[in-house]
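The following report concerns the sequence and three-dimensional structure shown below.

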Amino acid sequence: MTIKKFMMVNRKAPYGTVYALESLEVVLIAAAFEQDVSLAFLDDGVYQLKKGHQTKGVEMKAFEKTYGALEDYDVTKLYVDQESLAGRGLTADDLCVPVEIMSRADLGKRMEEQDVLLSF
Amino acid sequence: MKFAILINEGPYTHQASDSAYQFAKAVLAKGHEIFRIFFYHDGVNNATRLTTPPQDDRNIVNRWSKLAEEHKLDMVVCVAAAQRRGIVDEGEAKRNGKDATNLAPGFRISGLGQLIEAGIQADRMVTFGD
């Protein structure tokens, strides 16, 4: 099978909308198709990776653990926009998984390398 | 060129489906091919045949069905997203014990693998969303 570079671009906070959850579903299927998958987190999308999701009060299923399980699907390329992170008072220590934090310009270069960009 | 189109928003609230429709028509008019149109997130709501917009407004759902029929387009609705939002064909109704179906002509319900396959097969994947 042809292997293409897929990047899922996550720009929205988790739970406020369904995009983050349904983006993860695409990630898992792309991984099952043995594609070269990476994830980018920018804008409020960086909140998806914030440690300690507490969703009991809003009666939604927490999916923080799925980010930790991505490694099991050989999805290890997680890129975070430094500017989005800093702008929200967050650092790498606040995140639930190891990521590569990079400048917006470098993230743009990674995007240019992709075959398919899916923005959620 | 071979295009794939991803539509992530429902009809009327967002312009995404309108823009995707105009884009699809332009692509076809230029002689390009559309490998597949995939409906995800609230985009699955573009596939309900029960939509009844005011008579002086565009009928987004019927417009898609007509375009699909004219150009033999493959329009796929994500099954998981459709189940969450109540978009049902006969197979799904039977499987999930529902008493009605609402999938419009020209659409079919299938899995996210169809989106990934479209990404692999097409030269360009174009997303229409919020």
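## Packing of helices α1 and α2 in chain B

In this predicted model, helix α1 (residues 16–29) of chain B packs against helix α2 (residues 60–71) of chain B at an angle of about 20°, and their axes are 11 Å apart. Because angles under 35 degrees count as roughly parallel, α1(B) is roughly parallel to α2(B). The crossing in which α1(B) passes α2(B) is left-handed.

On the α1(B) side, the contact is made by B:Ser17, B:Asp18, B:Tyr21, B:Ala24, B:Lys25 and B:Leu28. These residues meet B:Ile60, B:Arg63, B:Trp64, B:Leu67 and B:His71 in α2(B). Sorted by class, the contact of α1(B) with α2(B) comprises 6 nonpolar, 2 polar and 3 charged residues.

Chain B contains an open sheet of 5 strands in the order β4-β3-β2-β1-β5, and the pairing is parallel. At its edges are β4 (107–110) and β5 (124–128) of chain B, each of which pairs on one side only. Neighbouring strands of this sheet are turned by 25° against each other on average, direction ignored. Strand β1 (residues 2–7) of chain B runs parallel to β5(B) and is joined to it by 5 bridges. Within these two strands, B:Ile5 stands opposite B:Val126.

Helix α5 (residues 113–121) of chain B lies across β1, β2 (33–39), β3 (75–78), β4 and β5 of chain B. Its direction is at about 155° to β2(B). Is α5(B) mostly covered or mostly uncovered? Helix α5(B) is mostly covered, with 7 of its 9 residues buried. The buried residues are B:Gln114, B:Leu115, B:Ile116, B:Glu117, B:Ala118, B:Gly119 and B:Ile120.

B:Asp42 is located in the loop between β2 and α2 of chain B. Why does B:Asp42 count as buried? The threshold is 20 or more other C-beta atoms within 10 Å; B:Asp42 has 25 such atoms within 10 Å and is therefore buried.

B:Asp42 and B:Glu9 are 33 residues apart in sequence, yet their C-alpha atoms are 4.8 Å apart in space. When neighbours within four places in sequence are left aside, B:Asp42 is in contact with B:Glu9, B:Gly10 and B:Arg85.

In chain A, 5 strands form an open sheet with parallel pairing, in the order β4-β3-β2-β1-β5. Strands β4 (100–102) and β5 of chain A each have a single partner strand, so one side of each is left without a neighbour in the sheet. From one strand to the next, the twist averages 25°. Strand β3 (residues 77–81) of chain A pairs with β4(A) in the parallel sense over 3 bridges, and A:Val80 has A:Ile101 in β4(A) as its bridge partner.

Helix α1(A) lies across β1 (5–10), β2 (36–41) and β5 of chain A.

## Contact between chains A and B

The contact between the chains involves 15 residues of chain A and 14 residues of chain B. On the side of chain A that touches chain B, α1 (19–32) and β5 (116–119) of chain A each supply at least two residues. The most is given by α1(A), with 6 residues. By class, this side of chain A has 9 nonpolar, 3 polar and 3 charged residues.

Conventions. Residues numbered from 1 in each chain as written. Chains lettered and ligands numbered in written order. Predicted model: local features only at pLDDT ≥ 70, side-chain atom pairs only at ≥ 80, totals over all residues. Pairing = 2+ DSSP bridges. Helix = DSSP H or I, 4+ residues; strand = E, 2+ residues; numbered from the N terminus. Axes fitted to C-alpha atoms, helices over the stretch in contact; angles between N-to-C directions. Contact = placed C-beta atoms within 7 Å. Nonpolar A, V, L, I, M, F, W, Y, C, P; charged D, E, K, R; others polar. Parallel < 35°, antiparallel > 145°, perpendicular 65-115°, else oblique. Left-handed = near helix turned anticlockwise from the far one by under 90°. Buried ≥ 20, exposed ≤ 12 C-beta atoms within 10 Å, placed from the backbone.
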